[in-house]
Amino acid sequence: MADAGTQNQKEGDESRLSEAEIAVHWKEEEVYYPNPRFVGQANLTDPNVSDRFSEKNFPECFREYADLLSWDKYWTTTLDTSKAPFWKWFVGGKLNASFNCVDRHLEKYRNKAALIFVSENEEDPPEAVTYQELYIRVNEMAALLRDFCGLKTGDRVTIHMPMVTELPVTMLACARLGVIHSVVFGGFSGEACGARIVDSGSRVLITMDGYYRSGKLLDHKVNADIACRKASEEGTKIEKVLIWKRFRDKSASPTPMVEGRDFIVNDLLKKFRGHLVPPVSMAAEAPLFLMYTSGSTGKPKGCQHSTGGYLAYVTGTSKYIQDIHPTDVYWCMADIGWITGHSYIVYGPLALAATSVIYEGVPTFPDPGRPWRIAEQLGVNIFHTSPTAIRSLRKVGPEEPKKYHYRFKCMTTVGEPIEPEAWRWYYEVVGRGETVVTDTWWQTETGGFLCSTKPALDPMKPGSTGPPMPGIYPVVYDETGKELPPGAGRAGNVCIRNPWPGIFQTIWGDPDRFVRTYYAKYNKDKTSTDWHDWPYFAGDGALWAKDRYMRILGRVDDVINVAGHRLGTKEIESACLTVPEVAEAAVVPIVDAERGRVPEVYIALKPGVKPEGIPEKVTLAVETVIGKIARPRAVRIVPDMPKTRSGKIMRRVLASISNRMDYGDITTLANPEVVEQIRVQVQGAGPVEKKAAPEDIKRFGQDSG
Ligand code: WT7
């Protein structure tokens with residue numbers, strides 16, 4: 001079937017092709033079919049869905065998703081393209097996201113759990129929050145934000161919190177007021193949080209005093225101080241820091257409070273007991289939140305998501321792909337500080353009145369049976385996680401799932417390509433060979449899924465995401481803009497031809513970068529208001545099989561996908577350059593069996609500097625500026641960087657050396673001799689090792705705009 005082994009290029013021919021286009025020779029995997037018990041109860045079983053969402057019905061097809069929401073005012077125009085590529089969905093419509101995720105469920109589901117919080121400390125019992133309780137807590141928090149902080153519609157608030165119930169409560173309180181939340185992943189450093197405060201122009205920072213991680217109680221309040229200092233250095237003053245308490249009866253942080261700036265939320269809330277705040281009726285295209293993500297430059301991009309389009313899209317995809325019914329207990333193990341958590345822990349599941357589980361800690365703590373015990377105890381029947389978590393649970397506890405009596409009807413994997421081996425363990429062992437698996441491909445920018453199998457309709461193919469989602473029309477282009485149709489057997493740049501409701505609206509404060517990064521590459525007419533002229537450039541290499549299943553090969557830009565999280569090489573490099581002794585830094589991805597990719601750092605020192613202690617300083621700098629997640633696997637001090645004659649560092653050559661693959665032709669370099677020196681330093685004196693490299697590593701460091 002399809003493109004298995006299609007070898008339409010000869011060796012040597014490849015040099016004339018861009019790296020993104022080289023032929024990829026997969027073994028075609030056998031497919032698995034959804035089990036009839038799942039199909040019998042599924043939300044999406046109509047095979048005509050593809051037709052309903054086909055191009056001839058676009059954009060009206062997306063009414064189906066929007067109709068899952070409660071609108072204060074119905075929209076008049078489904079899609080407005082007049083300011084292409086700044087698409088507007090459901091124009092004229094009005095709604096409130098917090099109303100849709102909370103208030104409207106009270107009548108039927110008042111006493112049903114909306115959220116269940118699971119502490120990392122296994123001694124603590126799980127804490128369920130009913131929809132009624134969520135309603136009360138969101139209202140009280142909204143009252144506090146409005147009356148104590150003076151926040152109003154359109155203001156931005158930065159939230160730097162761990163995985164606790166108070167996080168969605170805070171987000172929904174913002175949404176209730178039309179305040180734009182910007183949640184920064186709790187594992188990011190105070191400095192990284194500060195940089196995002198500055199970019200978004202927040203006056204209020206909301207945090208928590210501490211949380212459990214790998215059995216330790218971490219002081220998190222200290223990061224708020226660093227964030228405020230960093231922000232004020234760059235001219236943005238945080239007026240108020242609101243600190244949630246992790247424990248009712250004690251503080252989780254020894255860091256002192258700053259008089260007049262810091263406030264304990266739990267104390268403030270006493271003044272707002274029972275306060276109700278009417279949800280502000282927001283225009284469909286009003287921004288709901290910002291989510292920062294890494295790109296090709298050192299500056300993270302604040303992806304701005306809309307209220308109506310975003311909520312419609314995540315609700316529709318949660319219903320049809322996650323197969324969420326109000327009776328389900330759904331657990332997505334991602335962090336709410338990433339887009340997966342926003343869309344598929346908070347907004348999508350709550351809009352559908354599901355019960356959504358929030359787990360504070362590390363999946364393998366205190367042992368790799370933990371997730372399966374949680375699933376058993378809470379009766380989780382939908383499970384959602386990343387290949388990194390799957391690989392690590394498989395490595396340390398391959399037999400653990402067999403010890404527990406949970407039953408999943410469907411499971412998801414997201415965030416990175418999954419190796420067929422890991423997929424099969426997920427399916428056979430975690431899913432007992434009967435649970436439907438969806439591999440969902442999407443991005444921070446896209447709001448929700450772009451490709452996935454429809455769980456009751458499409459067979460599963462290990463290692464491939466699925467066909468395009470209903471209403472998503474992809475295209476794979478080569479570098480010159482020539483289309484590589486399904487079955488072409490060659491990889492290219494995957495784009496989406498059409499707008500869809502979940503697509504982000506712009507980069508906060510930088511609309512030019514938005515157009516340049518995502519639309520300029522394949523747009524032929526900048527003045528066009530016809531969506532057909534504006535394919536969305538996703539930044540991933542992909543191979544499209546004849547059966548229309550997409551195989552994602554990884555990023556084509558300078559982004560490293562570490563454990564399913566995007567880090568920009570330029571961001572890590574600029575962190576390295578904060579160490580005064582460092583003259584130059586180059587960051588490359590290396591393949592890691594568990595975390596997918598991890599960064600490795602090459603540095604050249606300023607003249608006369610002694611190397612002792614420098615690698616440690618560089619590692620610390622990366623942790624301070626970005627966070628532990630970006631910690632390099634190794635810091636290598638080299639005499640000089642391999643460079644082109646124009647002085648550009650050849651990261652591709654360094655990536656090849658780190659990954660023990662052939663570094664290819666280096667004759668055009670300004671200093672080819674240094675390459676062999678570095679190779680010997682990294683690999684030892686033996687002969688050049690040759691290892692087949694994954695596509696993203698082969699392509700790494702290519703210019704992609
Ligand atoms: C990048 C987006 C989508 C939420 C989590 C990550 C990679 C994502 C898959 C998948 C292969 C995937 C892509 C994409 N990616 N899902 N199912 N198979 N690769 O969001 O941080 O914005 O990262 O993650 O390279 O571009 P993100």
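A polar contact is a pair of N or O atoms within 3.5 Å. The exercises below apply this and a few other cut-offs to a predicted model.

**Exercise 1. Find which polar atoms of the protein lie by the ligand, and describe the shell around the ligand.**

Solution. 
- Step 1. Start with Arg555: an N or O atom in the side chain of Arg555 is 2.8 Å from an oxygen atom of the ligand.
- Step 2. Turn to Gln443, where a polar side-chain atom lies 2.9 Å from an oxygen atom of the ligand.
- Step 3. Gly415 takes part through its backbone: an N or O atom there lies 3.1 Å from a nitrogen atom of the ligand.
- Step 4. On its own the ligand has 560 Å² of accessible area, and the protein covers 96% of this.
- Step 5. Locate the shell. Helix H12 (339-351), strand E20 (436-440) and strand E25 (550-555) are the elements that give two or more residues to it.
- Step 6. Sort the shell by class: 6 residues are nonpolar, 7 are polar and 5 are charged. Of the 18 residues around the ligand, those that come nearest are Asp439, Thr440, Thr444, Asp540 and Arg555.

**Exercise 2. Classify the ring pair of Phe514 and Tyr518, and state whether each residue is buried or exposed.**

Solution. 
- Step 1. A pair of aromatic rings is described by the distance of the centres and the angle of the planes. The whole structure holds 48 aromatic pairs.
- Step 2. For Phe514 and Tyr518 the centres are 6.3 Å apart and the planes stand at 50 degrees, so the pair is tilted.
- Step 3. Phe514 has a relative accessible area of 0% and is buried. Tyr518 is also buried, at 3%.

**Exercise 3. State which ring the charged end of Lys240 sits over, and which ring face Arg432 lies over.**

Solution. 
- Step 1. The charged end of Lys240 sits over the ring of Phe148, 5.2 Å from the ring centre.
- Step 2. Arg432 lies over the face of Tyr406, and the distance to the ring centre is 4.1 Å.

**Exercise 4. Describe the setting of Arg261.**

Solution. 
- Step 1. Arg261 is in the loop between strand E11 (240-244) and strand E12 (262-264).
- Step 2. The relative accessibility of Arg261 is 14%, so this residue counts as buried.
- Step 3. The side chain of Arg261 is joined to that of Asp225 by a polar contact of 2.8 Å.

Methods. Residues numbered from 1 in each chain as written. Predicted model: local features only at pLDDT ≥ 70, side-chain atom pairs only at ≥ 80, totals over all residues. Heavy atoms only, no water. Near = heavy atom within 4 Å. Polar contact = N/O pair within 3.5 Å; in protein donor to acceptor, adjacent residues only side chain to side chain. Areas by Shrake-Rupley, 256 points an atom, 1.4 Å probe, with all protein chains shown as cover. Helix = DSSP H or I, 4+ residues; strand = E, 2+ residues; numbered from the N terminus. Nonpolar A, V, L, I, M, F, W, Y, C, P; charged D, E, K, R; others polar. Phe/Tyr/Trp six-rings, centres within 6.5 Å; stacked < 30°, edge-to-face > 60°. Buried < 20%, exposed > 50% of the residue type's maximum accessible area, 1.4 Å probe, protein only. Lys NZ or Arg CZ within 6 Å of the ring centre and 35° of its normal.
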